[in-house]
Amino acid sequence: MGKWREMTKEELETQYSPSKWSPRLVKDVIEAHIQTTGDATRLAQAATQVLLNVPYGLGEGEKLDVYLPKEPSQTFPLVLYIHGGYWQSLSKEVSGFAARPLVTHGIALAAVDYDVAPKGQLEEMVRQVQRSVAFAAQQYPGSSGLYLLGHSAGAHLAAMVLSTDWTEFGVVPNIKGAFLVSGVYDLEPIMHTYVNDVLHINREVAQSNSPLRRAPQLEGRPGCPVLIAVAQHDSPEFHRQSWEYFEVLRTAGWSASFLDIADTDHFDVAEKLSQEDYLLTQV
């Protein structure tokens, strides 16, 4: 877990700059990602029954967009999508792109908003996502189960949910599975990159909010199946972190699987969730 310490600052910045590893011949892969997910979200909103800006807490940023099946049963499964953006960009407004293939199969999707930096602090983002999961459990008690779907920073937040002590939330959500896509599970390397220019986390915050370091909180609890996915064209550091978290889960006795998805980069590994025939959509 410590090889990143041997890297120069320049090497570390490159490892944690996903756009530098994309083979796509576009001028700005991040802008292309926002455009693609935004367009697909608008299509999903036009084609499905959607409840916009459902509050899950008191904060201005604590809202969900809920995409419902056309004929929802009382027991539909609910997927909570937690967006990425390195904890400092993106929103639910570009996060409903995976809804259409799901609702056609009777599965609801809730796109989760949280306060990104600089307004939001990392620890509060974790709390907000935990609150959104607790709210979904209380709002849809008849659901056959909740499923977490997180991409990039959203995969980190979803992983933090897995080790939550739900006592103070007054509910134990029925989390049936988690899909963690191209995530970051050890925040300490991030402290030494450009990402922390806005995030402003210290070592204590990084360690206490790193899923890789939360194995004790995972042990002895009834875990759900977890799929850790990584894009072929993610950096070696993203691959390393994904594999190490996969091993942490297995060691803790959880049912975990690992998937390296061919012909994808850090961005379209999530974008393709709008497609019915995409591997992750089918899973």
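In which sense do strand S5 and strand S6 pair, and over how many bridges? Please go on to what surrounds the pair.

Modeller: The model is a predicted one. In it, strand S5, residues 146-151, and strand S6, residues 175-181, pair in the parallel sense, over six bridges. One point to find on screen is Leu149, whose bridge partner in S6 is Phe179. Helix H5, made of residues 153-162, packs on the sheet here and touches S5, S6, strand S3 (78-82) and strand S7 (226-231). The direction of H5 makes about 145 degrees with that of S5.

The pair belongs to an open sheet of eight strands with mixed pairing, in the order S1-S2-S4-S3-S5-S6-S7-S8. At the edges stand strand S1 (49-55) and strand S8 (256-261); each has a single partner strand, so one side of each has no neighbour in the sheet. On average, and ignoring direction, neighbouring strands of this sheet are turned by 20 degrees against each other. As a general point, strands of a sheet pair through backbone hydrogen bonds, in a parallel or an antiparallel way.

S7 and S8 pair in the parallel sense over six bridges, and Ile228 has Phe258 of S8 as its bridge partner. Helix H9 (residues 236-251) lies across S6, S7 and S8 and runs at about 170 degrees to S7. Together S7, H9 and S8 make a right-handed β-α-β unit.

Back at H5, there is also a helix partner. Helix H4, residues 122-139, packs against H5 at an angle of about 65 degrees, and the two axes are 9 Å apart. An angle of 65 to 115 degrees counts as roughly perpendicular, so H4 is placed in that class relative to H5. The crossing in which H4 passes H5 is right-handed. From H4, the contact uses Leu122, Met125, Val126, Val129, Gln130 and Val133, while H5 supplies His156, Leu157, Met160 and Val161. Of the residues in the contact of H4 with H5, eight are nonpolar, two are polar and none is charged.

Two loops deserve a look at the backbone. Most residues other than glycine have a negative phi, and most peptide bonds are trans. In the loop between strand S4 (108-112) and H4 lies Pro118, and the peptide bond that joins Ala117 to Pro118 is cis, with omega near 5 degrees. In the loop between S6 and helix H6 (196-199) lies Ser182. Its phi is near 50 degrees, a positive value in a residue other than glycine.

Methods:
Residues numbered from 1 in each chain as written. Predicted model: local features only at pLDDT ≥ 70, side-chain atom pairs only at ≥ 80, totals over all residues. Heavy atoms only, no water. Pairing = 2+ DSSP bridges. Helix = DSSP H or I, 4+ residues; strand = E, 2+ residues; numbered from the N terminus. Axes fitted to C-alpha atoms, helices over the stretch in contact; angles between N-to-C directions. Contact = heavy atoms within 4.5 Å. Right-handed = clockwise from strand over helix to strand, strands pointing away. Parallel < 35°, antiparallel > 145°, perpendicular 65-115°, else oblique. Left-handed = near helix turned anticlockwise from the far one by under 90°. Nonpolar A, V, L, I, M, F, W, Y, C, P; charged D, E, K, R; others polar.
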